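Dear colleague,

Please find below the structure that I am handing over to you, together with its sequence. I would be grateful if you would look through it alongside the notes that come after.

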Amino acid sequence: MTGEARPVIARAGVVLAVLQFAFALTWIVYAAFLPALAAQVGIARSAVPWILLADQAIFMVCDWLAGVFADRVGDAVARLGRQIAAVALVSCAAFLALPLVAPGGSAPVLAAVVVVWSATSSMLRAPPLALAGRHASRPQRAWLAGAYSLGLAAAGAVAPYLGRVMVAVDPRIPFAATSLVVAAMVFVVTALPHGAAARTPRAGAPGSLAGLVAAVAVLAIGLQVHTSITSAAIYLRFAAPEALTDLQPIFWYGCAVAALPVAPLVRRAGGLAVMAGAAAAGACALAACALAGSLAAVIAAQVVAGLAWGAMLSGAFAAASSLERRPGAATGLVFSVLAAATVARIALVASGAAAGGVAAALPAVPPIAWAAGALIAGSLAVRRQGHAMR
């Protein structure tokens with residue numbers, strides 16, 4: 001990495017963080033207003049969770065396809081940038097159209113716009129990271145992964161407050177604002193100067209990508225159950241329901257704090273090793289959270305668990321960019337697995353199973369899942385180290 005390239009990569013990291021923050025906000029805005037938009041075209045409120053599930057299923061498929069596309073473009077950076085910008089415009093236009101077509105439209109029209117937005121928005125996840133990382137050295141990819149994770153974590157932190165504020169706002173305002181910011185950031189990242197492509201990462205140990213997918217899958221399941229199902233119940237043992245808006249983001253505060261500072265550790269130890277260590281620490285924190293005897297103990301455990309997830313997320317993105325010769329497809333698979341975990345969680349809640357027979361067992365799922373993820377990532381890290389020494 002030349003001295004001239006370092007400032008470019010640093011700027012790319014900042015832009016990626018803002019892009020992912022704004023893009024994650026589009027999902028938050030969409031989920032908040034979807035019940036009202038669906039009601040305007042005669043869709044029952046009971047169908048909304050299944051619409052959200054369908055959106056995530058589309059993400060699950062298209063995220064991987066978008067990553068594969070980014071790899072097939074190869075080192076034709078200008079072409080990849082143009083393709084990302086073009087699809088981003090379609091995605092932003094579809095998102096902007098949602099609150100406009102609902103009042104006078106029909107259910108099929110709204111569904112069509114939702115499908116277009118869901119499918120095209122996948123070009124805003126893995127491909128921008130692949131584009132920015134195309135000319136970054138392996139150490140610089142750790143910085144980009146951390147910046148990417150920071151943007152996602154920051155959106156999680158503001159989500160409860162945003163949902164509370166948006167209740168009295170004309171939906172066209174947040175839809176337009178987030179669309180414009182996303183479009184602006186896409187054009188900034190595609191306009192960044194690019195020099196000669198960095199050396200393609202050496203392929204990792206055999207089966208490393210499959211192992212990474214398995215690790216991310218169990219970690220993501222633990223995350224979804226904890227943040228969306230069991231966390232609120234744990235808080236409610238010691239706090240009033242109205243306090244949840246201030247308490248729920250604590251996990252994401254920790255995530256945001258750890259996402260970027262962990263980059264130097266990722267550079268030295270590798271993404272898989274960081275994932276393993278963070279998952280082990282996080283599993284202990286989640287167990288402490290479930291067994292806590294006071295609100296202060298719950299908050300402390302939530303902070304540690306959030307810090308651990310921030311490190312895991314940064315490690316996962318860094319590992320995806322270095323394990324294979326297809327970093328775009330690997331990163332796309334990470335996003336696909338995160339979406340698949342969301343699909344499973346929505347189905348669990350919407351079907352009523354989360355409040356039924358499995359409810360008593362759910363608090364044990366997050367720490368067990370993160371412990372399993374630590375074992376998988378740790379074994380991969382050891383195998384990769386052995387492979388590198390050959």
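Overall fold

The secondary structure of the chain consists of 15 helices and 0 strands. The radius of gyration is 20 Å, close to the 21 Å that the globule rule gives for 390 residues, so the chain is as compact as a globular protein of that length. Of the 390 residues, 52% count as buried. Among contacts in the chain with a separation of 6 or more, 86% are between residues 24 or more positions apart.

The largest pocket

The largest pocket holds about 1,700 Å³ of space. Its lining is made up of 49 residues, and those nearest the centre of the pocket are Trp27, Ile28, Ala159, Ser228 and Arg345. By class, the lining comprises 31 nonpolar, 14 polar and 4 charged residues.

Which helices supply at least two residues each of this lining? They are α1 (5–40), α2 (48–73), α6 (138–165), α8 (208–235), α9 (244–247), α10 (250–259), α13 (295–323) and α14 (327–350). The helix that gives the most is α1, with 9 residues.

Salt bridges

A search of the whole structure finds 2 salt bridges. In one of them, the side chains of Arg125 and Asp63 meet with an N to O distance of 2.7 Å. This pair links distant parts of the chain, 62 residues apart: Arg125 lies in the loop between α4 (107–120) and α5 (126–133), whereas Asp63 belongs to helix α2. Both Arg125 and Asp63 are buried.

Arg172 forms a salt bridge with Asp170, and the closest N and O atoms of this pair are 2.6 Å apart.

Two individual residues

Leu80 is placed in helix α3 (residues 77–101). Its relative accessibility is 1%, so Leu80 counts as buried, the cut-off being under 20%. Leaving aside neighbours within four places in sequence, Leu80 is in contact with Phe69, Ala70, Val73, Leu131 and Arg134. Leu80 and Ile51 are 29 residues apart in sequence, and their C-alpha atoms are 31 Å apart in space.

Ser231 has its place in helix α8, one of the helices that supply at least two residues of the lining of the largest pocket. With a relative accessibility of 2%, Ser231 counts as buried. Beyond its neighbours within four places in sequence, Ser231 is in contact with His226, Gln248 and Gln302.

In brief, the predicted model is a chain of 15 helices and 0 strands, with a largest pocket lined by 49 residues and with 2 salt bridges.

With kind regards

Key: Residues are numbered from 1 along each chain as its sequence is written. This is a predicted model: local features need pLDDT of at least 70, side-chain atom pairs count only at pLDDT 80 or more; totals for chains, interfaces and linings use all residues. Side-chain values use heavy atoms; hydrogens and water are left out. On a 1 Å grid over the protein atoms alone, a cavity is a set of points where a 1.4 Å probe fits but cannot get out, and a pocket is an open set with protein on both sides within 12 Å along at least five of seven lines; lining residues have an atom within 4 Å of a point. Grid points are joined across faces, edges and corners, and a volume is the space filled by probe spheres set on the points. Helices (H or I, at least four residues) and strands (E, at least two) are DSSP runs, numbered from the N terminus. Ala, Val, Leu, Ile, Met, Phe, Trp, Tyr, Cys and Pro count as nonpolar, Asp, Glu, Lys and Arg as charged, and the others, Gly among them, as polar. A salt bridge is a side-chain nitrogen of Lys or Arg within 4 Å of a carboxyl oxygen of Asp or Glu. Buried means under 20% relative accessible area, exposed over 50%, partly exposed in between (1.4 Å probe, protein chains only). The radius of gyration is taken over C-alpha atoms; the globule rule is 2.2 Å times the number of residues to the power 0.38. Contact means heavy atoms within 4.5 Å.
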